[in-house]
Amino acid sequence: KFKMASSRSNDKKIKVGIVGFGELGQYLWDKIEGSPDFEIVFVWNRSLEKLNGKVPEAYILNDLDNIDSKNVDLIVEVAHPSITKDYGVKFLQKANYMIGSPTALADQSVEDALRAAATAGPYGLYIPVGAFWGADDVRKMADRGTLKGLTITMAKYPTCFKLTGRLEDEVKSVLERKILYEGSVRGLCPLAPNNVNTMAVGAIAAHNLGFDQVKGRIVADPSLKSHIVEIEIEGPGSEADRFTVKTTRINPSQSGSVTGKQTYASFYSSLLGARNKGKGVHLC
């Protein structure tokens, strides 16, 4: 079904390793089949049993510590933020790295280590913008120092949140619309590592504000059948005469799903853009 990557394979195709085989990882596996742009070199998943019957044994990487044995151009993480913490620097020493769980970068030591590795090169760190519309515009405002505020609100059906800490029990008792968290994105990421990647992207794009000054808000609402992301941008000017932009993204989702339906296509579009930018940190 798949043609294994080899030294005689089409040089124009990017050799991809997939780290994680949940819904998004399986989508990428299916999407890359027959692609003129990519070919798969390996697939890794924490539970190898999940790969049985779906991924031929020749593609299965049993241990991420053996990544050096693979001829890979782009490693794509779609598993968990802990992967970046444990292997991000190692991946960047081997290939370009596309981080599907950028909430990992809310840990300052992880962000510093990956930025240093990506800056040293020769490989780059690619961050998919996902549901964060206007990421390039926010980055440009941050570059000029004209970005004064950024607030990201995410509202979902309660079971669509996978939360930890104090929020894990709180979300289970929600019977009507309720704000579960409002504060810095850095404080939120450890509590919702699988849900607020959009906010992490915002904090990276808004680099003059960062994880501490970009505000995040998550709302559990039993009436919703979509994932709703509102982005509020504040620019220069007085309170009565300030430049502002507000966008609302409504993404239909299945009940209990962490990822909305349109997120898969957005991620693949980011994958297509994760190339030829050299070392450094790049939004895609």
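This is a predicted model: local features need pLDDT of at least 70, side-chain atom pairs count only at pLDDT 80 or more; totals for chains, interfaces and linings use all residues.

Reply: In helix α4, which spans residues 135–144, the residues A135, V138, M141 and A142 are buried. These four cover an arc of only 125° around the axis, which puts them on the same side of α4. An α-helix has 3.6 residues a turn, so residues three or four places apart point the same way.

What do the buried residues of α4 pack against? Their partners are the strands β6 (149–156), β9, β10 (241–252) and β11 (280–283), together with α7 (197–205).

Just after α4, G145 takes a positive phi of about 80°.

One is formed by D212 and R186, whose closest N and O atoms are 2.8 Å apart. This pair links distant parts of the chain, with D212 in helix α8 (residues 210–213) and R186 in helix α6 (residues 185–188), 26 residues apart. D212 counts as partly exposed because its relative accessibility is 49%, whereas R186 is buried, with a relative accessible area of 19%, and the cut-off for buried is under 20%.

A second pair is R177 and D221, whose side chains meet in a salt bridge at 3.3 Å, N to O. Here too the pair links distant parts of the chain: R177 lies in the loop between α5 (166–172) and β7 (178–184), D221 in the loop between β8 (215–220) and β9 (226–238), and the two are 44 residues apart. R177 counts as exposed at 52% relative accessibility, while D221 is buried at 8%. A further salt bridge joins K178 to E170, with the closest N and O atoms 3.1 Å apart; K178 counts as partly exposed at 33% relative accessibility, and E170 counts as partly exposed at 21%.

Two packed helices are described by the angle between their axes and the distance between the axes. For helix α2 (residues 81–92) and helix α3 (residues 108–120), the axes come within 9 Å and cross at roughly 10°, and α2 and α3 are therefore roughly parallel to each other. In the contact between them, T84, K85, G88, V89 and L92 of α2 meet V110, A113, L114, A117 and A118 of α3. The residues of this contact of α2 with α3 divide into 7 nonpolar, 2 polar and 1 charged.

Most residues other than glycine have a negative phi, and most peptide bonds are trans. Against that background, N276 has a positive phi of about 60° although it is not a glycine. N276 is found in the loop between α9 (261–273) and β11, and β11 is one of the elements against which the buried residues of α4 pack. N276 is exposed, with a relative accessible area of 75%. A cis peptide bond, with omega of about 10°, joins G121 and P122, and P122 has its place in the loop between α3 and β5 (124–127).

F38 is placed in strand β2 (residues 38–44), and F38 is buried, with a relative accessible area of 1%. Leaving aside neighbours within four places in sequence, F38 is in contact with K13, I14, V16 and I32, and also with Y268, L271, L272 and R275. The C-alpha atom of F38 is separated by 36 Å from that of I233, which is 195 residues away along the chain.

To return to α4, its buried residues A135, V138, M141 and A142 lie on the same side of the helix, and α7 is among the elements they pack against.

Note on methods
Residues are numbered from 1 along each chain as its sequence is written. Side-chain values use heavy atoms; hydrogens and water are left out. A salt bridge is a side-chain nitrogen of Lys or Arg within 4 Å of a carboxyl oxygen of Asp or Glu. Buried means under 20% relative accessible area, exposed over 50%, partly exposed in between (1.4 Å probe, protein chains only). Axes are lines fitted to C-alpha atoms, for helices over the stretch in contact, and angles run from 0 to 180 degrees between N-to-C directions. Angles under 35 degrees count as roughly parallel, over 145 as roughly antiparallel, 65 to 115 as roughly perpendicular and the rest as oblique. Contact means heavy atoms within 4.5 Å. Ala, Val, Leu, Ile, Met, Phe, Trp, Tyr, Cys and Pro count as nonpolar, Asp, Glu, Lys and Arg as charged, and the others, Gly among them, as polar. The arc is that of the directions from the helix axis to the C-beta atoms.
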